[in-house]
Amino acid sequence: MTRTHIVVVTGAGGVGKTTVSAALAIGAAAAGTRTLVVTIDPAKRLASALGVDSLGNQPSMVPGTDGLWAAMLDITASWEAIVHRHAAPEVADRLESNPFFRAIADRFPAAQAYAAGEQMAEYSEGGAWELVIVDTPPSAGGLDFYLAPRRMRELVGGRLLRWLTGASLPGRRALYRVTARPMLRVADSVLGGPLLEDIAEFLLDLRTLYDGLSSRARSIERLLGAATTLVVTTAAPASLREVRRFYSGLGEISVTPAATIFNRDLPKEWMAPKRLPAIAGLDAEEGAILRENLRRWGDEARKTQDAKQELMMRHHTDVHAIPWLEDAPTTVAELAALAETADLTGLLQPPPR
């Protein structure tokens with residue numbers, strides 16, 4: 001079976017994680033590495049960039065690129081697989097149809113991030129690929145993806161859930177059916193719907209997931225600990241706040257990023273003041289507008305260089321810059337050129353042990 005290495009691309013929304021993930025994958029495949037790139041981004045930009053009509057949990061080969069597959073997380077399908085993996089068939093069927101379970105699985109970021117982690121583990125352990133690149137959701141700058149296994153373990157095995165369901169599940173369910181369930185049905189008849197009974201059934205069924213889900217969560221945490229983590233950011237203030245938030249939370253997840261990828265890097269040359277050359281037919285007002293435009297671009301270039309320097313000094317991270325492009329890459333050829341220009345493929349090595 002092929003030993004699979006995982007690369008996790010994280011960062012705030014709008015910084016270009018999907019583009020970077022796709023470029024990394026294309027560069028790795030071009031170097032002869034069987035590669036799968038997975039997005040959890042609901043905007044579905046990865047499918048468009050790679051020329052794939054649609055993506056789901058089942059990986060699709062990328063047309064015209066040998067050794068490259070792509071997939072996009074289907075939250076509903078992933079959670080259906082999770083409950084059938086960790087619960088008895090009748091319990092899994094009840095959970096799937098329970099509206100409270102559906103709400104948690106479909107709407108809560110931690111549940112979505114955990115489903116992504118389980119799917120990542122499935123891809124990795126299958127051995128079909130040498131490299132799996134994961135484009136994470138932007139929640140908490142990507143931190144939620146790493147915290148999700150622990151949070152799900154705490155949810156299904158937490159003190160509150162144990163108190164509500166009791167210590168012994170088989171005996172507790174029998175007692176519930178004899179005593180609590182009839183009372184809940186009476187209360188639900190007043191409310192006009194099976195609200196309280198659904199809640200009780202949901203809590204009891206959720207507890208049955210604990211052993212399997214807890215063990216799986218720990219294996220996901222081990223995979224993340226062995227993965228290469230790349231943090232993507234830009235010079236935008238919101239993006240920098242999120243990357244600082246991610247780095248400040250590293251103590252919670254025991255992960256050391258391999259590098260920070262600074263996207264849309266403006267050239268240093270733009271920082272220098274420039275004299276506007278004489279242009280025939282240019283009046284004073286137009287010249288003033290052009291000079292102001294050059295000044296503003298110079299200020300932005302200076303902010304970009306200052307932000308890169310701050311990242312290196314404050315977080316002791318290697319910074320790899322991707323130059324600003326007038327048009328974002330939208331084809332396989334353009335993404336391959338980006339990977340080569342920015343020399344991204346050197347970042348794909350496993351971290352030292």
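Student: Which residues in α3 are buried?

Tutor: This is a predicted model, and in it the buried residues of α3 are Ile-75, Ser-78, Trp-79, Ile-82, Val-83 and His-86. They take up an arc of only 130 degrees around the axis, so they sit on the same side of α3.

Student: Why would residues spaced like that point the same way?

Tutor: An α-helix has 3.6 residues a turn, so residues three or four places apart point the same way.

Student: How far apart are the end C-alpha atoms of α3, and what should the helix span?

Tutor: The end C-alpha atoms are 17 Å apart. With twelve residues (75-86) at 1.5 Å a residue, α3 should span 16 Å, which agrees.

Student: What caps the N-terminal end of α3?

Tutor: That is Asp-74. One of its side-chain oxygens lies 3.2 Å from the backbone nitrogen of Thr-76.

Student: Switching to the sheet: what is the order of the strands?

Tutor: The order is β3-β4-β2-β5-β1-β6-β7-β8, in an open sheet of eight strands with mixed pairing. The edges are β3 (60-61) and β8 (319-323), each with a single partner strand, so one side of each has no neighbour in the sheet.

Student: How do β3 and β4 run, parallel or antiparallel?

Tutor: They run antiparallel, joined by two bridges. Ser-60 has Ala-70 in β4 as its bridge partner.

Student: And β2, which strands is it joined to?

Tutor: Five bridges join β2 to β4 (residues 68-72), and the two run parallel. Another five bridges join β2 to β5 (residues 131-135), again in parallel. For landmarks, Thr-39 stands opposite Met-72 in β4, while Val-38 stands opposite Val-134 in β5.

Student: Is β2 largely enclosed or exposed?

Tutor: It is largely enclosed by the rest of the structure, because five of its five residues (35-39) are buried.

Student: Which β2 residues point which way?

Tutor: Thr-35, Val-37 and Thr-39 point one way, Leu-36 and Val-38 point the other way, and all of them are buried. In a regular strand, side chains alternate between the two faces of the sheet.

Student: Which helix lies across β6, β7 and β8?

Tutor: That is α14, residues 284-315. It runs at about 175 degrees to β7.

Student: While we're on β6, what about Thr-229: buried or exposed?

Tutor: Thr-229, which lies in β6, is buried, with a relative accessible area of 1%.

Student: What does its side chain make a polar contact with?

Tutor: The Thr-229 side chain is joined to that of Tyr-146 by a polar contact of 3.0 Å. Leaving aside neighbours within four places in sequence, Thr-229 also has contacts that include Val-8, Thr-10, Phe-246 and Pro-257.

Student: New topic: where is Glu-122, and what does it touch?

Tutor: Glu-122 is in helix α6, residues 109-126. Not counting residues up to four places away in sequence, Glu-122 touches Arg-85 and Arg-216. Its relative accessibility is 33%, so it counts as partly exposed.

Student: How far is Glu-122 from Ile-220?

Tutor: In sequence they are 98 residues apart, but in space their C-alpha atoms are 9.8 Å apart.

Student: Last one, the whole protein: how many helices and strands, and what share of residues is buried?

Tutor: There are 15 helices and eight strands, and 47% of the 353 residues count as buried. Among contacts with a separation of 6 or more, 77% come from residues 24 or more positions apart.

Definitions and conventions
Residues are numbered from 1 along each chain as its sequence is written. This is a predicted model: local features need pLDDT of at least 70, side-chain atom pairs count only at pLDDT 80 or more; totals for chains, interfaces and linings use all residues. Side-chain values use heavy atoms; hydrogens and water are left out. Helices (H or I, at least four residues) and strands (E, at least two) are DSSP runs, numbered from the N terminus. Buried means under 20% relative accessible area, exposed over 50%, partly exposed in between (1.4 Å probe, protein chains only). Contact means heavy atoms within 4.5 Å. Two strands pair if DSSP finds at least two bridges between them. Axes are lines fitted to C-alpha atoms, for helices over the stretch in contact, and angles run from 0 to 180 degrees between N-to-C directions. The expected span of a helix is 1.5 Å times one less than its number of residues. The arc is that of the directions from the helix axis to the C-beta atoms. A polar contact is a pair of N or O atoms within 3.5 Å; within protein, one must be able to donate a hydrogen and the other to accept it, and residues adjacent in sequence count only if both atoms are side-chain atoms.
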